[in-house]
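User: Please take one part of this model and go through it closely. Then connect it to its surroundings.

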Amino acid sequence: AQAPAPYAPQRGQSGKDVIWIPSPDDVVNRMLQMAEVKAADRLFDLGSGDGKIAIAAARNYGARSTGLEFNPDMVTLSRRLAREAGVAEKATFQQADIFVADFSSATVVTMYLLPELNLRLRPQLFTMPPGTRVVSHSFTMGDWEPDETARAGTGDLYLWRIPANASGAWALRAPGLLPAATLHIRQRYQVVEG
């Protein structure tokens, strides 16, 4: 009996929340450059499809990367491609729902999801440590303005850095300043006013 052919995804195939459209290599490379990925980084690719971004992060930058993908066939394919690329120790893949999975250890998050999915993820992203880099292929985060935008091929790319939370009342004390002054800070995303 002949072994069945390995799984081969089809461009435009339906997934849990999106259809699968692979990111071109120039887009993947630019996303990783925008995020300034280094070997010390922990990258999570949300909706990782065939694993291209996680594999490139491991192969080109030495980063530990994890692809979170709902489709178990895509996870199996990604694991095989990571083995073939010689990065299976650094690029791992989990069958997971991105809205339930824990990716809180990430220093870099990449995604190619629809705008409404990005918005659903935004509250979870804001719980991540300040400085975590988030890069999206093609789609924004609503009214959260990106820190950087770029274009690669026909793809628009967006980078955000998770801001520290500076909002609240701050007591200012300085020599000659009696009583202490209070500064009230309001913050919306990375924009601070007071």
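Analyst: Two strands pair if DSSP finds at least two bridges between them. Strands (E, at least two residues) and helices (H or I, at least four) are DSSP runs, numbered from the N terminus.

This is a predicted model, in which local features need pLDDT of at least 70 and side-chain atom pairs pLDDT 80 or more, while totals for chains, interfaces and linings use all residues. Residues are numbered from 1 along each chain as its sequence is written, and side-chain values use heavy atoms, without hydrogens or water.

The part to look at is the pair formed by strand 2 and strand 3. Strand 2 covers residues 64-69 and strand 3 covers residues 91-95. The two strands run parallel, and five bridges join them. T66 has T92 as its bridge partner in strand 3. L68 stands opposite Q94 of strand 3. In a regular strand, side chains alternate between the two faces of the sheet.

Together, strand 2, helix 3 and strand 3 make a right-handed β-α-β unit. Right-handed here means that, with the strands pointing away from the viewer, the path from the first strand over the helix to the second runs clockwise.

Now place the pair in its sheet. Seven strands form an open sheet with mixed pairing, in the order 3-2-1-4-5-7-6. Strand 3 and strand 6 stand at the edges. Each has a single partner strand, so one side of each is left without a neighbour in the sheet. From one strand to the next, the twist averages 20°. Helix 3 packs on this sheet and touches strand 2 and strand 3. The direction of helix 3 makes about 170° with that of strand 3. Such angles run from 0 to 180 degrees between N-to-C directions, with axes fitted to C-alpha atoms, for helices over the stretch in contact.

Follow the chain out of helix 3. A85 lies in the loop between helix 3 and strand 3. A85 counts as partly exposed because its relative accessibility is 29%. On this scale, buried is under 20% relative accessible area, exposed is over 50%, and partly exposed is in between (1.4 Å probe, protein chains only). Leaving aside residues up to four places away in sequence, A85 touches I55 and R59. A contact means heavy atoms within 4.5 Å. The C-alpha atoms of A85 and A56 are 9.2 Å apart, although 29 residues separate the two along the chain.

Strand 6 spans residues 148-152. The side chain of E148 meets that of R30 in a salt bridge, at 3.4 Å from N to O. A salt bridge requires a side-chain nitrogen of Lys or Arg within 4 Å of a carboxyl oxygen of Asp or Glu.

A search of the whole structure finds six salt bridges. Another of them joins R122 and D143, with the closest N and O atoms 3.1 Å apart. R122 counts as buried because its relative accessibility is 16%. D143, at 39%, is partly exposed. R151 and D156 form a further salt bridge, with closest N and O atoms 2.4 Å apart. R151 is exposed at 51%, and D156 is partly exposed at 32%.

Two loop residues deserve a backbone check. S138 lies in the loop between strand 5 (133-137) and strand 6. Its phi is positive, about 80°, although S138 is not a glycine. S138 is partly exposed at 25%. E36 also has a positive phi, near 50°, and is a residue other than glycine. E36 sits between helix 1 (25-34) and strand 1 (42-46). E36 is partly exposed, at 45%.

Last, the whole chain. The protein chain has four helices and 10 strands. Along the sequence they follow the pattern α-β-α-β-α-β-β-α-β-β-β-β-β-β. The chain has 194 residues, and 40% of them count as buried. Of the contacts between residues at least 6 apart in sequence, 58% join residues at least 24 apart.
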